[in-house]
Amino acid sequence: MAGMELLSDQGFRTDGRKPNELRRIRFKKGVFKQADGSAYLEQGNTKVLAAVYGPHEIRGSKGKALHDKLLINCQYSMATFSTQDRKRRPRGDRKSQEMTMHLKQTFNAVVLTELFPKVQLDIYVEVLQSDGGNYCASVNAATLALIDAGIPMKDYVIACSGSFVKDTPIVDINHLEESTAGAEIIVAVLPRFDQIVFIEMNSRLHEDHLSRVMDQVMNGCKDIFNILNQQVKDELCKKAAIDKLVDAG
Amino acid sequence: MADVDLSEPEKVYILHSVQENLREDGRGCEDFRHMEVETGLISNTNGSARVRLASTDVLVGIKVQLTPVDPKKPNVGRIEFFLDCSANATPAFEGRGGEGLASEITAMLTRSYSCFSAIDYTSLCLLPGQQCWLLYIDILLLECGGNLFDAVSIAVKAALFNLRIPNVTMTKDEGGIELDVSDDPFDFKRLDVSGAPVIVTVNKIGHQHVVDASEKEEACSLAKVMLGITEKGTVTAMKKEGSGSLDSESISEMIESAKNVGIELNKCLLNILKEEEAKIEEPVGFLR
Amino acid sequence: MPTDTRRITGPETSRSPYDYCQIEISKEENQNELIKSDKKRKDGRLAAQLRPIFLKANVISQARGSSYIEMGQTKVICAVYGPREVMRREDFSLKGQLTCDFKFTTFSCRQRRQHQQDNQEKDLSVQMLEALEPAVCLHKYPKSQINIYATVLQNDGSALSAAIMCASVALATAGIEMYDLVLASSLGVLNTVLLVDPTLQEEENIANETGKSPQNAGTMTLAFLPSLNQVSAMTSDGQFLFDMINKSMQQCIENCQKLYPVLQQCLVEDVKEKANLTHA
């Protein structure tokens with residue numbers, strides 16, 4: 001019944017987007033001075049901060065160190081005021097612990113861990129405002145923070161979510177769609193290798209529709225990649241130009 | 001807090017420069033660093049503010065909730081502070097690492113706001129003896145660059161200024177009074193923050209004292225005095241912190257400067273908030 | 001919040017009956033002044049009069065040092081353990097570490113306290129630590145820690161100052177090297193009246209009074225090192241006009257100086273007792 005309203009007869013979603021349209025993405029790298037890398041990312045009303053510390057010596061017990069590769073340490077937390085109803089704790093609950101694990105697995109797949117044996121890299125993600133797609137925004141923000149920190153990676157990791165409403169696959173779903181639409185697919189990919197590093201699906205979806213939704217979500221990932229990559233490149237070129245001027249002058 | 005390790009010569013340098021009333025970043029002893037205040041950037045909250053004081057970064061979100069009154073104080077609403085030290089600030093805050101600092105800051109805030117003149121607590125009570133508003137003031141510490149207490153208190157005051165409490169209509173029903181919270185975003189009331197205090201921390205460095213100490217200066221200081229000060233110069237809370245002791249004359253001097261700075265700070269803050277409100281631009285937040 | 005699962009706690013929503021009758025009581029009592037017409041307080045003291053103090057050192061045989069203090073009906077017992085080795089190796093430091101644990105017993109207040117330290121108790125622990133730390137020669141105890149446990153057996157106001165003095169005597173009897181004894185004194189302020197060493201009732205009355213926009217309404221606690229003439233801790237709650245702070249501070253320091261001989265005498269007696277024991 002909710003599905004009726006999620007997609008109007010004219011083919012628009014509740015927030016006025018078309019089925020294959022992303023929310024507005026805005027981001028800024030290097031928002032903090034103290035962290036080695038940091039980024040702030042907005043996807044519509046979902047706002048995420050990510051900070052990267054490292055690679056540095058192992059903190060705490062040395063037993064955690066991996067002799068042949070980098071240890072990636074993640075923490076996902078949500079501000080107590082980020083959700084519609086106040087959260088009692090910013091982290092430590094099952095959901096955030098699961099999210100922490102997923103982030104860790106995702107970034108283990110993409111960071112060139114074998115270059116840094118016996119040391120540690122911290123990735124901290126803080127959700128300031130949540131409106132669906134927390135995992136996706138967290139992954140995208142953390143990728144930008146890693147780029148800001150200059151950590152060697154195979155590729156960007158880009159995550160995007162999707163769902164299926166009224167025989168139409170929709171992409172980058174917001175909180176309302178997340179909670180009422182039924183099936184939800186979350187995918188993290190390496191866009192230039194066309195590889196999937198993380199995939200998760202909730203609720204049920206007919207097998208016949210799966211590939212259509214997947215295609216749409218993969219397209220979403222590519223779009224996000226293009227947006228992020230464009231701005232990162234632009235900024236880098238600008239910086240390079242300034243450096244050149246400084247060198248010349 | 002990120003650990004600051006200073007060598008002896010560095011400490012001596014800071015000490016001497018403070019003595020000359022010309023601190024390492026060029027400020028005088030009673031000057032604040034550059035500060036940015038922005039309100040209304042988290043739409044999921046009833047009031048929010050972000051303060052960036054040099055590299056100290058604080059985000060505050062306030063949510064209001066209807067709750068039964070405390071039978072001990074049946075005519076007033078309640079506020080509750082919660083502070084989360086984000087690991088973004090320093091890896092030492094990971095997990096439960098920041099809880100010690102968090103409880104210290106919330107204790108000081110709770111005390112500063114515990115006096116009744118701070119905000120109009122009776123206006124937060126809807127039905128005396130039954131229902132009142134509970135303000136959850138949630139603070140997120142995003143980066144630590146010294147002088148956390150002051151930055152947090154400024155952010156809290158700014159968020160209280162920004163707070164929009166939805167209006168409630170009460171209808172008498174059989175079996176009691178029914179409360180209906182308005183869901184119109186433009187149907188709200190504001191809170192008067194003219195009595196709300198800010199915390200001013202005064203650090204003793206050598207024979208001098210400074211306000212708004214940077215992390216390096218904090219590392220040189222053995223004792224500090226914190227005061228919750230209102231715009232009128234009333235002290236709502238006071239605390240001495242640090243492992244050193246102070247003689248009574250220097251305490252008098254320190255609280256005197258804290259008072260002067262506090263009164264000025266309150267005025268500036270209120271002006272900036274009013275100015276900001278008059279603008280219609282969308283808040284830029286972290287994208288600046 | 002982590003809760004202690006091994007203990008049976010009351011239902012979360014239960015409330016003490018005092019919560020409800022207090023409304024009636026306080027209404028009546030607020031009409032009465034804190035100081036009656038004969039210039040005396042409810043318990044018969046003058047405004048600037050301290051309560052009688054009972055102080056005894058060495059009351060816990062297992063502890064390295066201990067003491068027990070009574071200030072009127074406020075009763076605090078304090079034990080000091082250490083210097084002992086730091087448990088965790090990462091915490092090693094060249095300076096000794098001092099820890100303080102302030103706890104109200106469950107039965108010490110009108111309302112039952114929980115077994116676990118609540119926020120107020122944590123805050124008081126920190127304040128106590130900050131009052132004592134400047135007095136202890138921590139550089140003489142590298143790589144070790146000294147633990148102080150203060151337990152309030154009965155709270156009738158000024159519990160923090162009682163605990164600070166109690167701990168300072170306990171540290172002295174434990175033979176921990178100190179620059180000076182730490183004295184502490186509390187003060188309740190209502191408008192222009194300074195009430196020395198306030199009782200719980202006076203503290204509560206002052207806290208409730210704040211609703212009627214008085215000029216001053218608050219309590220202050222100050223810790224003082226008498227022979228160094230240094231203030232080691234100072235905290236205030238409630239609202240003070242600025243000029244009142246200096247006045248209250250001076251009053252607190254004066255009271256601390258009055259208490260100095262009491263602590264000295266207690267320590268002398270303790271030493272005598274120990275000497276007698278070794279002779280016998």
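The part I mean is chain B, including where it meets its neighbour. Among contacts in chain B between residues at least 6 apart in sequence, what percentage join residues at least 24 apart?

Reply: The figure is 71%, counted over the contacts in chain B between residues at least 6 apart in sequence. This is a predicted model, and everything below should be read with that in mind.

Chain B itself comes first. Its secondary structure consists of five helices and 14 strands. Of its 288 residues, 50% are buried. Along the principal axes, the C-alpha atoms of chain B occupy a box of roughly 75 × 45 × 40 Å. The radius of gyration of chain B is 20 Å, which agrees with a compact globule, because a globule of 288 residues would have a value near 19 Å.

Next is the contact with chain C. On the chain B side 30 residues take part, and they touch 34 residues of chain C. Three elements of chain B each give two or more residues to this side: helix H2 (99–113), strand E14 (235–241) and helix H5 (248–278). E14(B) gives the most, with seven residues. Sorted by class, the chain B side holds 11 nonpolar, 11 polar and eight charged residues.

E14(B) also pairs with a strand across the boundary. Its partner is strand E9 (residues 230–240) of chain C; the pairing is antiparallel and runs over four bridges. Within this pairing, B:Lys239 is placed opposite C:Thr235 of E9(C).

The nonpolar core is the next thing to look at. The largest nonpolar core contains 226 residues, and B:Ala155 and C:Ala163 have the most contacts inside it. Helix H3 (residues 159–173) of chain C gives the most to this core, namely 12 residues. With neighbours within four places in sequence set aside, C:Ala163 is in contact with C:Val76, C:Cys78, C:Phe102, C:Met128, C:Ala150 and C:Val152.

Of the 280 residues of chain C, 43% are buried. For contacts in chain C with a separation of 6 or more, residues 24 or more positions apart account for 71%.

An unreviewed UniProt entry places the feature "domain: Exoribonuclease phosphorolytic" at residues 21–152 and 155–216 of chain A. Residues 21–152 of chain A are 23% helix and 31% strand, with the end C-alpha atoms 31 Å apart. Residues 155–216 of chain A are 26% helix and 44% strand, with 21 Å between the end C-alpha atoms.

A:Asn20 lies in the loop that runs between helix H1 (2–6) and strand E1 (25–29) of chain A. Apart from neighbours within four places in sequence, its contacts are A:Val171, A:Gln216 and A:Asn219. From A:Asn20 to A:Glu114 the separation is 94 residues in sequence and 38 Å in space, C-alpha to C-alpha.

To return to the part you asked about: E14(B) gives the most residues to the side of chain B that touches chain C, and E14(B) pairs with E9 of chain C in the antiparallel sense.

Technical notes: Residues are numbered from 1 along each chain as its sequence is written. Chains are lettered from A and ligands numbered from 1 in the order in which they are written. This is a predicted model: local features need pLDDT of at least 70, side-chain atom pairs count only at pLDDT 80 or more; totals for chains, interfaces and linings use all residues. Two residues are in contact if their C-beta atoms, placed from the backbone, lie within 7 Å. A residue is buried if 20 or more other C-beta atoms lie within 10 Å of its own, exposed if 12 or fewer, and partly exposed in between; C-beta atoms are placed from the backbone. The radius of gyration is taken over C-alpha atoms; the globule rule is 2.2 Å times the number of residues to the power 0.38. A nonpolar core is a set of buried Ala, Val, Leu, Ile, Met, Phe, Trp, Tyr and Cys residues joined through C-beta atoms within 7 Å. UniProt positions are given in the numbering used here, feature names are shortened, and annotations may be inferred rather than shown by experiment. Ala, Val, Leu, Ile, Met, Phe, Trp, Tyr, Cys and Pro count as nonpolar, Asp, Glu, Lys and Arg as charged, and the others, Gly among them, as polar. Two strands pair if DSSP finds at least two bridges between them.
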